[in-house]
Amino acid sequence: MRTFHQIAELRAHIRAARDEGSTIGFVPTMGALHEGHLSLIRRSVTDCDRTVVSIFVNPAQFGPQEDFAQYPRDLARDSKLCQEEGIDALFVPSAEDMYPPDADTWIDVPGLSSSLEGAIRPGHFRGVATVCAKLFNIVQPHRAYFGQKDYQQLLVIQRMVADLNLPVTIVPSPTVREPDGLAMSSRNAYLDPEARKAALVLSRALMSAQAMYEAGTRSAHTLRDALRSVIGEEHAAELDYAEIAHPRTLEPLEYIEDGAVALAAIRVAGTRLIDNVLLGVGLNHQPRRAG
Ligand code: AMP
């Protein structure tokens, strides 16, 4: 595994690999790697000749009051984990190289970015879309791997890739959870044992909505109310949103015909946590029809 800090050096390395006919898989991350990230990396290593992982805590996707400064960073540990997975290149650019002072171009996917996470974190998806477009142009991967954990982000990236004809295939991958159900997240490191316990309400609420869906409930109102009432029982958790939405447009649903996504976000002891489950659809967004 080689580690690159310079854009031009990574480009030259990848150009040579592509000239040899290698397929390039890419896993963009913000580091503090956990099993969720590693599941994406393993898929890429299995599917592609060479895997590039980027670690970049992207300032453009954090709001002024958010946790950019505190976000966990441990390059030595991340680097060792990547090496153990057999990746080809680790890309760790600097903020100065990614965003020179005169940079003035942004990518906005307004329809999918305005609700849910986007409503609470204005500008967040503009930062995500812009950094992903830049990373795709730098790495030029054949395939890029994204987690379902950040469902709205996945849709934003898929929309951007389609709209801008970017020559990369986006591969969605299921959410990896702790044994008790908590979705793995770099931000779980902020939780003390008490908050960690309270945080479980998020996956518990989503799983109960999923069980109701599987038992035949199709009223999105009923499922939304169930999500909110389970979360409401945990006094240490503050609800940001809980929604039953169309799995491709994210529009709130009244009645589920062709599947849905249940999404929720909470704050526990100052830490924001998000999670989601799919109801009656697979991650490739093809509605599963009865009969
Ligand atoms: P991040 O480092 O949080 O920006 O995440 C980098 C990538 O890992 C994104 O595609 C995330 O959706 C994905 N990811 C984060 N947590 C998980 C998880 N628990 N399971 C699967 N993928 C995840």
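**Gln140**

I started at glutamine 140, which is partly exposed with a relative accessible area of 40%. My cut-offs here: buried is under 20% relative accessible area, exposed is over 50%, and partly exposed is in between, with a 1.4 Å probe and protein chains only. I am working on a predicted model, so local features need pLDDT of at least 70 and side-chain atom pairs count only at pLDDT 80 or more, while totals for chains, interfaces and linings use all residues. Residues are numbered from 1 along each chain as its sequence is written, and side-chain values use heavy atoms, with hydrogens and water left out.

Gln140 sits in the loop between helix 7 (124-139) and strand 5. I take helices (H or I, at least four residues) and strands (E, at least two) as DSSP runs, numbered from the N terminus. The phi of Gln140 is near 50 degrees, a positive value in a residue other than glycine. I noted it because most residues other than glycine have a negative phi.

**Leu250**

I found another positive phi at leucine 250, near 65 degrees, and this is again a residue other than glycine. Leu250 is in the loop between strand 7 (237-245) and strand 8 (260-268). Is Leu250 buried or exposed? I get buried, at a relative accessible area of 4%.

**The ligand**

Next I went to the ligand. I count a residue as near a molecule or strand if one of its heavy atoms lies within 4 Å of it. That gives 17 residues around the ligand, and Met30, His37, Asp150, Val176 and Met184 are the closest.

I then looked up N and O pairs. A backbone N or O atom of Met30 is 2.9 Å from a ligand oxygen. From the side chain of His37, an N or O atom lies 2.8 Å from an oxygen of the ligand. For Asp150, the side-chain N or O atom is 2.7 Å from a ligand oxygen. On its own the ligand exposes 480 Å², and the protein buries 93% of that; these areas are Shrake-Rupley values with a 1.4 Å probe, and for residues only the protein chains shown count as cover.

Which elements give two or more residues to the shell around the ligand? I list strand 2 (24-29), helix 2 (35-47) and strand 5 (143-147). Helix 2 gives the most, with 3 residues. By class, I have 8 nonpolar, 7 polar and 2 charged residues in the shell. Here Ala, Val, Leu, Ile, Met, Phe, Trp, Tyr, Cys and Pro count as nonpolar, Asp, Glu, Lys and Arg as charged, and the others, Gly among them, as polar.

I ran the void search on a 1 Å grid over the protein atoms alone: a cavity is a set of points where a 1.4 Å probe fits but cannot get out, a pocket is an open set with protein on both sides within 12 Å along at least five of seven lines, and lining residues have an atom within 4 Å of a point. Points are joined across faces, edges and corners, and a volume is the space filled by probe spheres set on the points.

I get 1 cavity of 30 Å³ or more. The largest cavity holds about 60 Å³. Its lining includes Lys149, Leu182, Ser203 and Asp275. Helix 9 (193-214) and strand 9 (271-279) are the elements that give two or more residues to this lining, and strand 9 gives the most, with 3. The lining splits into 5 nonpolar, 3 polar and 2 charged residues.

I followed up Asp275, which is in strand 9. Asp275 is buried, at 3% relative accessible area, and a polar contact of 2.8 Å joins its side chain to that of Arg177. By polar contact I mean a pair of N or O atoms within 3.5 Å; within protein, one must be able to donate a hydrogen and the other to accept it, and residues adjacent in sequence count only if both atoms are side-chain atoms.

**Second largest pocket**

I put about 170 Å³ in the second largest pocket. It has 13 lining residues, with Ile55, Phe56, Val57, Arg73 and Val92 nearest its centre. I class the lining as 9 nonpolar, 1 polar and 3 charged.

**Asp192**

Last, I checked aspartate 192, in the loop between strand 6 (169-173) and helix 9. Asp192 is partly exposed, at 43%. Its side chain reaches the backbone nitrogen of Ala195 at 2.8 Å. I also have 8.8 Å between the C-alpha atoms of Asp192 and Ala269, which are 77 residues apart along the chain.
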